[in-house]
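Try each task before you read its solution.

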Amino acid sequence: MRISARNRLKGTIVEVKKGQTTAHVRIDVKGIIVTAAITNEAVDELGLQAGQEAYAIVKASDVMVGLDD
């Protein structure tokens with residue numbers, strides 16, 4: 001895979017849960033779960049299922065920082 005995004009997190013799919021139009025794909029990245037909301041069509045085209053290795057690719061124009069009070 002070649003992609004310009006730098007925020008790629010490699011992990012293992014632990015769950016694919018389809019809704020009416022959108023699916024939630026949960027990926028375990030070194031013990032932290034990252035959830036992606038993608039179309040059911042994308043899930044089918046990629047053949048996503050639990051146990052597969054996959055990348056969570058984050059594209060954002062802004063990154064914010066927060067602190068606990």
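**Exercise 1. Work out how many helices and strands the protein has, and in what order they run.**

Solution. Start with the count: this predicted model has one helix and four strands. Next, follow the chain from the N terminus, and the elements read β-β-β-α-β.

**Exercise 2. Describe the extent of the protein and its burial.**

Solution. Begin with the C-alpha atoms, which fill a box of roughly 40 × 30 × 25 Å along the principal axes. Then turn to burial, counting a residue as buried when its relative accessible area is under 20%. Of the 69 residues, 17% are buried. Lastly, take the contacts with a separation of 6 or more: 43% of them join residues 24 or more positions apart.

**Exercise 3. Find the largest pocket and say which elements line it.**

Solution. First, the volume: the largest pocket comes to about 280 Å³. Second, the lining: it has 16 residues, and those closest to the pocket centre are Ile-27, Leu-46, Leu-48, Ala-54 and Tyr-55. Third, the elements: strand E2 (22–29), strand E3 (32–39) and strand E4 (53–57) each give two or more residues to this lining. Which strand gives the most? That is E4, with five residues.

How values were computed
Residues numbered from 1 in each chain as written. Predicted model: local features only at pLDDT ≥ 70, side-chain atom pairs only at ≥ 80, totals over all residues. Heavy atoms only, no water. Buried < 20%, exposed > 50% of the residue type's maximum accessible area, 1.4 Å probe, protein only. Contact = heavy atoms within 4.5 Å. 1 Å grid on protein atoms, 1.4 Å probe; cavity = no way out; pocket = protein on both sides within 12 Å on 5 of 7 lines; lining within 4 Å. Points joined across faces, edges and corners; volume = space filled by probe spheres on them.
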